[in-house]
Amino acid sequence: MADTSAIPDNIPRPELGPNDTIPVPAKVYNGELVPAHTEEYTWVHAPMPPAMRRRYEEWTRLRNAVYVCYPYARKAGIIVNDINSKLALLNSDGDRKAYIQSREKELKKEFTAPLEQLSIYQGKILMKLINRQTGNNCYNIIKEYKGGFTARFYQTVAFFFSSSLKQPYDPKGDDQAIEVIVEEVERMYHG
């Protein structure tokens, strides 16, 4: 027999017959005890408003760009740190220049083809990610290794593509979305 102690005293109790053996949930409705059943969730799909659709498309574009560029930025961070550690051991400018040129040839062989396939948007994201990985913007990296004239030349080229080699990386500000995606990618890499 079902527990009826939770039913208020002013509500009439159900009359149970000899075959009433299956208890069912009940609710008090308009002063009467009625069987009640909870339906499963029903998902309603509505078309996205245009503003939300644009935000979703921008997020997807950014996410795809980070997924494509992040492996290159990670490798760039490792390479820049390696080059800096080797350059710290070299004393003469001639040795430093020869080492940089030898590494430049290796890097061109390895990265020229895949980086030429990047879109302008992906290139902008790559510059931000390199700044994140190395702590230096691309302008300063080029200036350190190749000189100020070369850095200014590439800065001018970037300007014509509505970009800048000097763009900062602010994980708590403008680049918060990039940081969220990078953390997602790092969880995939590191479990």
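1. The largest pocket is lined by 34 residues, and those nearest its centre are Leu115, Leu126, Ile130, Ile142 and Tyr154. A pocket here is an open set of points on a 1 Å grid over the protein atoms alone, where a 1.4 Å probe fits, with protein on both sides within 12 Å along at least five of seven lines; lining residues have an atom within 4 Å of a point. Its volume is about 1,500 Å³, taken as the space filled by probe spheres set on the points.

2. A word on the source: this is a predicted model, where local features need pLDDT of at least 70, side-chain atom pairs count only at pLDDT 80 or more, and totals for chains, interfaces and linings use all residues. Residues are numbered from 1 along each chain as its sequence is written, and side-chain values use heavy atoms, leaving out hydrogens and water.

3. Which helix gives the most to the lining of the largest pocket? Helix H2 does, with 9 residues. At least two lining residues each come from H1 (50-89), H2 (93-116), H3 (120-134), H4 (138-146) and H5; helices are DSSP runs of H or I, at least four residues, numbered from the N terminus.

4. Now to the surface. Ile120, Phe153, Tyr154, Val157, Phe159, Phe160 and Phe161 form a nonpolar patch with about 770 Å² of accessible area together. Such a patch joins nonpolar side chains (Val, Leu, Ile, Met, Phe, Trp, Tyr) within 5 Å, from residues with over 30% relative accessible area and no salt bridge. Helix H5 (residues 148-160) supplies the largest share, 5 residues.

5. The cut-offs are under 20% for buried and over 50% for exposed, with partly exposed in between (1.4 Å probe, protein chains only).

6. The whole structure holds 10 salt bridges, each a side-chain nitrogen of Lys or Arg within 4 Å of a carboxyl oxygen of Asp or Glu. One of them pairs arginine 63 with glutamate 184 at 2.6 Å, N to O. This pair links distant parts of the chain, 121 residues apart: arginine 63 is in helix H1 and glutamate 184 in helix H6 (residues 176-190).

7. Another salt bridge joins arginine 103 and aspartate 82 (2.7 Å, N to O). Arginine 103 sits in H2 and aspartate 82 in H1, so this pair ties together parts 21 residues apart in sequence. Arginine 103 is buried, at 12% relative accessible area, while aspartate 82 is partly exposed at 26%.

Note on methods
Patch = residues over 30% accessible without salt bridge, like charges linked within 9 Å, V, L, I, M, F, W, Y side chains within 5 Å. Areas by Shrake-Rupley, 256 points an atom, 1.4 Å probe, with all protein chains shown as cover.
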